[in-house]
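Colleague: I would like to learn how to read the features of a model like this one, beginning with the pairing of strands. Could we go through them in turn?

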Amino acid sequence: MRDATDPPTVLPSGPPRPEAGLILFAHGARDPAWAGPFERVAAAVRAARPELAVSLAFLEFMAPDLPGAGATLAAAGCREVTVLPLFLGVGGHVRKDLPHLLDALRIQHPAVRWRLAPAIGEDARLVEAIAGIAIDAI
C-alpha cells in the first residue's frame, strides 16, 4: 500500500493515476431518466473524494456494465476497487449474480484487489434516512 507521503503515480504525459476505485453498482432500467439519482450520487462521491476513481455500473439495460466499468478502472491503474451495490434489498442479484461477476473480474484483472461492500439497504443510516423522509411525507 502506498504511504501518504509517497508521490502519486504519474503517467509520462498525464495526470496522477488513481490507486483506489469505487464502482457504484445499480440494477439499470430501460428508461435513461431512471439513472439520474445514481449519477448524482456518483458526482457527489467524486466531488468529496477527487483522488478516487468512481464509476457507475449497471446489471442490465444500461452501460457500462460491471465488467466494462471494472476493466476501465483496472486500465486506469486502480489496484483496489470496491463495488458498492446500490440495492435496497439483498436478493438474488446481490447474493448470486454479483459474486459471479466479481469472480470474473478477479480472473480478468488479477493485479486488482476486488472488494464487495454490503448493499446500501443494509446500512442503518440509509434505513433511518428513508424513515425520516417517509415521516416527513405525512
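Modeller: Strands here are DSSP runs of E with at least two residues, helices are runs of H or I with at least four, and both are numbered from the N terminus. The model is a predicted one, in which local features need pLDDT of at least 70 and side-chain atom pairs count only at pLDDT 80 or more, whereas totals for chains, interfaces and linings use all residues. Residues are numbered from 1 along each chain as its sequence is written, and side-chain values use heavy atoms, with hydrogens and water left out.

Colleague: How many bridges join strand 1 to strand 3, and how do these strands run?

Modeller: Two strands pair if DSSP finds at least two bridges between them. Strand 1 (residues 20-26) and strand 3 (residues 80-85) run parallel and are joined by six bridges. Strand 3 is also joined to strand 4 (residues 113-116), again in parallel, by four bridges, and there Thr82 stands opposite Arg115 of strand 4.

Colleague: What do strand 3, helix 3 and strand 4 make together?

Modeller: A crossover is right-handed if, with the strands pointing away from the viewer, the path from the first strand over the helix to the second runs clockwise. Strand 3, helix 3 (residues 92-108) and strand 4 make a β-α-β unit of this right-handed kind. Along the sequence the protein follows the pattern β-α-β-α-β-α-β-α, with four helices and four strands.

Colleague: Which residues have the most contacts inside the largest nonpolar core?

Modeller: In soluble globular proteins, nonpolar side chains tend to be buried together. A nonpolar core is a set of buried Ala, Val, Leu, Ile, Met, Phe, Trp, Tyr and Cys residues joined through side-chain atoms within 4.5 Å, where buried means under 20% relative accessible area, exposed over 50% and partly exposed in between (1.4 Å probe, protein chains only). The largest core has 19 residues, and those with the most contacts inside it are Ile23, Phe25, Leu66, Val81, Val83 and Trp114. Strand 1, strand 2 (53-58), helix 2 (66-75), strand 3 and helix 3 are the elements that give two or more residues to this core. Apart from it lies another core, of 12 residues, including Phe38, Ala42, Phe58 and Leu86.

Colleague: With what is Leu66 in contact, leaving aside its neighbours within four places in sequence?

Modeller: Contact means heavy atoms within 4.5 Å. On that basis, Leu66 is in contact with Ile23, Phe25, Ala57, Phe58, Val83, Leu98, Leu101 and Leu105.

Colleague: How many aromatic pairs does a search of the whole structure find, and why is the pair of Trp34 and Phe38 called tilted?

Modeller: A pair of aromatic rings is described by the distance of the centres and the angle of the planes. Rings of Phe, Tyr and Trp (its six-membered ring) pair if their centres lie within 6.5 Å, and planes under 30 degrees apart count as stacked, over 60 as edge-to-face and the rest as tilted. The search finds three pairs; the rings of Trp34 and Phe38 have centres 4.6 Å apart and planes at 35 degrees, so this pair is tilted. Ring pairs link Trp34, Phe38 and Phe58 into a cluster, in which Phe38 counts as buried because its relative accessibility is 17%, while Trp34 counts as partly exposed at 29%.
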